[in-house]
Every structure is written in structure tokens, then in C-alpha cells.
2 protein chains.
Amino acid sequence: MKYSSSKENYIKAIYHLEQEEPVVSTNALARQLSTKPASVTDMLKKLHEQDLLEYEPYKGVRLTESGKTVALQIIRKHRLWEFFLVEKLGFGWEEVHEIAEELEHISSRKLIDRLDEFLGKPKTDPHGDPIPDANGKMPLIEKICLMDLPTGIAADIISVSNQSADMLDLLKHYSIEIGTRLEITNRFQFDRSLQLIVQGKSKITISEHLAMHLFVVYAKETGSK
Amino acid sequence: MKYSSSKENYIKAIYHLEQEEPVVSTNALARQLSTKPASVTDMLKKLHEQDLLEYEPYKGVRLTESGKTVALQIIRKHRLWEFFLVEKLGFGWEEVHEIAEELEHISSRKLIDRLDEFLGKPKTDPHGDPIPDANGKMPLIEKICLMDLPTGIAADIISVSNQSADMLDLLKHYSIEIGTRLEITNRFQFDRSLQLIVQGKSKITISEHLAMHLFVVYAKETGSK
DNA sequence: GGTAATATTTAGGCGAATCTAAAAAAAATA
DNA sequence: TATTTTTTTTAGATTCGCCTAAATATTACC
Ligand SMILES: [Mn+2]
Ligand SMILES: [Mn+2]
Ligand SMILES: [Mn+2]
Ligand SMILES: [Mn+2]
């Protein structure tokens, strides 16, 4: 089945919002898609007709299985293209999302499978988010927000939830990227800022605002090296 | 300036049709775009408003300079993507046109310039057609239809004007591809078929129908080797 | 030149995706 | 609980790209 770019954007947005809250509201969608609630209602009715989501007026929506399948294919395409842009074309982190937002709507299935192969079947996109495989399976990585990492436990940066140029700037300043090993050494209650040891060497202090957008997994090897 | 996919398809179609006849008719466009003449008239009026073409009712159209510039950018994108699909993703000749028909509408200028670089700034697409450079300059290659090649003169296949799977099949059968050196040794008047020597070795006879879709340039080196 | 055939445009309409303004339902709160 | 606020839906329009049918202009031909 082939859906319009607009419909695909709705489906993907719903998928992402469902990760936060089990049922997605009209307003939340309108905000996410920079559109008006009235437009959202219209579209929800159409997507419901196509059995992509469960919808009852005033009750919010959730994707059906079929809707989720579609969402995962779009996310797969989006993330593979982002990987391509960064790894093959040398784009910066922060530039790729917008372009992938268009590329994700290219319809050829064969194209995306070949691209996947060409890229070496990557597991995650440049921001650390997992890439669904050809069957739409996406490994559930239980990532922890850096704010929630206990003090004194080594962990590796696995993803970032903001890919603005400003964010990238700051990360570069602190020499933090995907895979960086770090450990919280101190928490300052006043502004909830964190003191960290990065890569076993530099000691830095970062804001709560930044920490909220960083996600980690517990370190596998008890990182000496 | 950013134009809809639909508008871009019109502009490109007009550009191509202009190569055949100096002024493009409503019907020719409708045929090319698989749409109806009435729809074409609608669109021509819009494109005219945007100064992309000269249009007076009943008089046909021709692109303005600005229209040609847009056309060449789309053609550049189309052909670079085709090159990418064949050379990097291993697609066959005949499969790429349709996919490129979508990819050519991705808007990022930076994307296409990076892609160009990544591909090694190729001069021609997989069908032998020249790729406009970043400034929209496209080398004018004076190609000759194989039907018009004089007997006994060596020439190289430079492009094909049909990229169907059937065509590819036949070319494979005769071991003809872009770059193949050949020479006409005989013309049969009855069905206008041609006898050729291919690559100095095999003698074959091809139909007028096939020859009409093959284009050559005179051989540079007087091909012994 | 007049008539028939062909090409093109106009008129009117439709579906998709959006919008604003108003109505209605649900949720929050006094 | 009654009232206010917030959320959501409905009503009615607009733009885009397309369609069919009808009108009109151009061209071809007797
Ligand atoms: Mn992204
Ligand atoms: Mn998108
Ligand atoms: Mn092509
Ligand atoms: Mn196209």
C-alpha cells in the first residue's frame, strides 16, 4: 500500500508520540506537525477509514498493528537515509533530519533494501536511534536518561534526543559523542547540574537542560583500557 | 525557488520536447505526462504566471531562460540519482528511471552537490546522457542516430533512447553497451536492417527499430587495439 | 473559401490537504 | 455541583492538481 507523504508524516508522528503516552491527543499531533487541530481531526478520520489507527471522537488515537508496521517502515527509511547522508556524503549530524524528512517518502522498497545493504546494514542512525530491519523489527534498547544515571556508575552515550546545530556545538565543546564513556561524579542540587568524568579524563559540569537530552546505557566492560 | 513535483515534471517534459521541436504543443505535453490536455492548459497558465515559460493561447509554449535553468537542475538531479542507483546500489539500467523520477524532486541543493562529489562528478548517466554540472551547463554532444551512421565508419555507442527491460535484454543479447565500438558493414533496404561488426569481432544484424534507439559518436582512435 | 477534422481552451466539478471561526464536548476548578 | 477553561470537532472556504464535457480556435482538405 502506498500513502501520501502527508499521511506518512502523521503516522510517524503518532508512532513517536505513542512512545511517551499510550494515547495520542489531537492537540499533541497538531503541535508535532505544525498544523491546526481541525486539520488533524480531518486526517485522523481518513487514517481511521484505512484502519491505520483506532479513533473515536474526543478519545485520542493509537495506531493499529497495520499502522505500526507502516510507521516502522518510514522510520527505517528515515534513519537509513540519515546514516547515508552522514557516513557517505559527509553531512553533519544536525543537517540530516530535514533532508531525511523528504527522502523517507520515496516509495521503492527495493531501493531501501539495497541502500541498507550498501551501508552495511547499520544498527543505529547518526543520533544513536535504532534502525528497524527489513521486517520492521527494531531492537528495544533500554536507554537511560543521563539525569537518571546513578552517581559513580560508568555508562556510554547511546543517543541524543535533540539534533540541533546548537546542541551539536555544545557536545563538540565537551567532546561528547555517541559512544563516549562517562560517569557522574557529582550532582549539584541548586540547578540540578551534573559533574562528569568524560572518557576517564576530563572533568566537566553540564546543565540539566543538556543532560535531559542525553541517553546512556550502563558500560559493558568496566572501562579501564 | 521551490516548485511542486508536478510543476517540475511539466518543466522537465517541456525541456525534453523542445529538443525535438522548437515549440511544444498542449497535446504533446499531455501525451508525455499521461494527463489530459485540459489539465495541461491549466498548468501552463500557472507556469506562465511564474515566468517559467512563454505562453499564448493556441500558440504552444517554450521555456524562458529561467524555465530552462530549473529544467536543467531537475535533469541534473535525475541523472545523478540514476548514476548512484546503478553504480553504488547495483540496480539495472532499466529499473532506475522510475525511482529517479521521485528522487529528482528532493529539494536540498547541498544534497545534490555532495552526491555529485561522492559519485566522482560523473559526466553521463547510465544511459549515456550527459549530466549538467552544478551551474547547469550540459556539454552538447553531437550524437548521431545509428541509422544515420555512414557505412564503413567506426563509431562508439554513446547513448540509448529507450531504457526498457526489453531493450536491455536485446542489447545484452548482442553484447552492446555504452562505449561499444561498432561499424556498419551492410544496409538491407528491404526492412532497413543493419549489419554491424561489434567490437571488431562479432557480425550481427539488427532491426531498424533497435537502431533508431542507439546513438553513436565517430570513433576517436581508429580503433585497432 | 468553406467545411470537416483536430487541437486547445473554458466551464464546472472533485478529492486531498489545509485553514478560520463557531459549536460542542470534556476536563478543571471554584 | 455549577461554572469556566481547554480540547476537540464541525462547518464552510481555499488552493492545488486533476478530470469530463462543451465551446472555440486552428488546420487540413475538397
Ligand atoms: Mn531524524
Ligand atoms: Mn517526512
Ligand atoms: Mn531517466
Ligand atoms: Mn519526476
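Which residue has a side-chain N or O atom 3.0 Å from a base nitrogen of DNA strand D? The residue is Asp42(B). Before I continue, a word on conventions. This is a predicted model, in which local features need pLDDT of at least 70 and side-chain atom pairs count only at pLDDT 80 or more, while totals for chains, interfaces and linings use all residues. Residues are numbered from 1 along each chain as its sequence is written, chains are lettered from A and ligands numbered from 1 in the order in which they are written, and side-chain values use heavy atoms, with hydrogens and water left out.

Let me begin with the DNA. The surface near DNA strand D, where near means that a heavy atom of the residue lies within 4 Å of the strand, is made up of 22 residues. Among the closest are Thr41(A), Tyr55(A) and Ser4(B). Helix α3(B) gives the most to this surface, with five residues. Helices here are DSSP runs of H or I with at least four residues, strands are runs of E with at least two, and both are numbered from the N terminus.

I turn now to the manganese ion, ligand 2. Its donors, meaning N, O and S atoms within 2.8 Å of the metal (3.2 Å for Na, K and Ca), come from Asn9(A), Glu101(A), Glu104(A) and His105(A), at 2.0 to 2.4 Å. Glu101(A) takes part through both O and OE. Water is not among the atoms, so sites may look incomplete. His105(A) counts as buried because its relative accessible area is 11%, whereas Glu101(A), at 23%, counts as partly exposed. Buried means under 20%, exposed over 50% and partly exposed in between, using a 1.4 Å probe and protein chains only.

Finally, consider Asp156(A), in strand β4, residues 154-160 of chain A. Asp156(A) is buried because its relative accessibility is 15%. Leaving aside neighbours within four places in sequence, its contacts (heavy atoms within 4.5 Å) include Phe215(A) and Ala219(A). Ala219(A) is found in the segment after β8. Its C-alpha atom is 4.3 Å from that of Ala155(A), although 64 residues separate the two along the chain.

Definitions and conventions:
Polar contact = N/O pair within 3.5 Å; in protein donor to acceptor, adjacent residues only side chain to side chain.
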